[in-house]
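Visitor: Please take me through the features of a model one at a time. I would like the general idea before each case.

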Amino acid sequence: MSRAWLIGAGPGDVELMTLKATRALAQADVVLVDDLVNPDVLQFARADAQIVYVGKRGGHPSTPQAGIVAQMLEHVQAGRSVARLKGGDPFVFGRGGEEQQALHAAGIRVDVINGITAGIAAPAAIGIPVTHRDYAQGVVFVTGHGAGSGELDWAALVATRMTLVIYMGMRRLNDIAAALLAAGMSADTPSAAIESATRPEQRYVLARLGEFADTVSRAGLGSPAIVVIGGVASLALARDAVNASTVGGLDAQ
Ligand code: SAH
């Protein structure tokens, strides 16, 4: 019987994929691979599996969302098992929810296999525990992209005093930092940006919020990166940071 899976490939390091994910991948006839998925994880796919890249990186044209769902439907209806591979966790900013809805609407059951989301893995890769109880009562995952539901209420987020973990925030980092400062967040708040976390090319910047956007831009950091803002960022390992010039004991505020 053909099956469909929505699989989280984790943040990049192949060993951070789950056993369940690798086992499902080994059964798939067709694998639809997203942006940000480390192609090395395809070592778990069958040698004869059909691999389709639907992401926009790596020189491949991006496939519109509707086209991806249409391909999944077509394969399942033709009796083929389909694994849809996404970076991190399929249900965290990955549009996995929309794909599940579309498949359900067509009467197709889809099994979801979690992955380790970049919002936890990237901070952890440099020693940041996002909910260390001495610094925060919780963590908020947000998109910095500004698309979809419009601009975030940054003041409301600041008021929670929780750790802020921002996905897709690099292009608007200046505006985001300015909005947080305008909402009353201290310019001394420890902040981190981690690019290509858990991969060999991982790089990161540590700075205080007041200098953060400039420091990140001087270091030339870009996407994909996770931004962490809050006292927990003071626990990052400054040792390998590309630019930690302002760190000198990034104590939490
Ligand atoms: N579903 C994914 C997120 C998809 S949105 C997950 O759960 O991780 C894409 C954003 O994720 C990127 O813009 C970046 O902010 C973040 N991201 C994904 N992989 C990353 C990595 N290895 N290092 C840093 N950020 C990453």
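This is a predicted model: local features need pLDDT of at least 70, side-chain atom pairs count only at pLDDT 80 or more; totals for chains, interfaces and linings use all residues.

Visitor: Which residues of helix 3 are buried?

Guide: An α-helix has 3.6 residues a turn, so residues three or four places apart point the same way. In helix 3 (residues 96–105), Gly96, Glu99 and Leu103 are the buried residues. Buried means under 20% relative accessible area, exposed over 50%, and partly exposed in between (1.4 Å probe, protein chains only). Viewed down the axis of helix 3, the buried residues lie within an arc of 60°, so they line one face of the helix; the arc is that of the directions from the helix axis to the C-beta atoms. The face turned away from the buried side carries the exposed residues Gln101 and Ala105.

Visitor: How do helix 2 and helix 3 pack?

Guide: Two packed helices are described by the angle between their axes and the distance between the axes. Here helix 2 and helix 3 pack at about 45°, with axes 10 Å apart. Axes are lines fitted to C-alpha atoms, for helices over the stretch in contact, and angles run from 0 to 180 degrees between N-to-C directions. The two helices are therefore oblique to each other: under 35 degrees counts as roughly parallel, over 145 as roughly antiparallel, 65 to 115 as roughly perpendicular, and the rest as oblique. Gln65, Ile68, Val69, Met72 and Leu73 of helix 2 make the contact with Glu99, Ala102 and Leu103 of helix 3, where contact means heavy atoms within 4.5 Å.

Visitor: What is the strand order in the sheet?

Guide: The open sheet has 5 strands in the order 3-2-4-1-5, with parallel pairing; two strands pair if DSSP finds at least two bridges between them. Strand 3 and strand 5 (111–113) are the edge strands, each pairing on one side only. The twist averages 20° from one strand to the next.

Visitor: What stands opposite valine 30?

Guide: Valine 30 stands opposite glutamine 50 in strand 3 and opposite valine 82 in strand 4. From strand 2 (residues 30–33), Val30 and Leu32 point one way and Val31 and Val33 the other, and all are buried.

Key
Residues are numbered from 1 along each chain as its sequence is written. Side-chain values use heavy atoms; hydrogens and water are left out. Helices (H or I, at least four residues) and strands (E, at least two) are DSSP runs, numbered from the N terminus.
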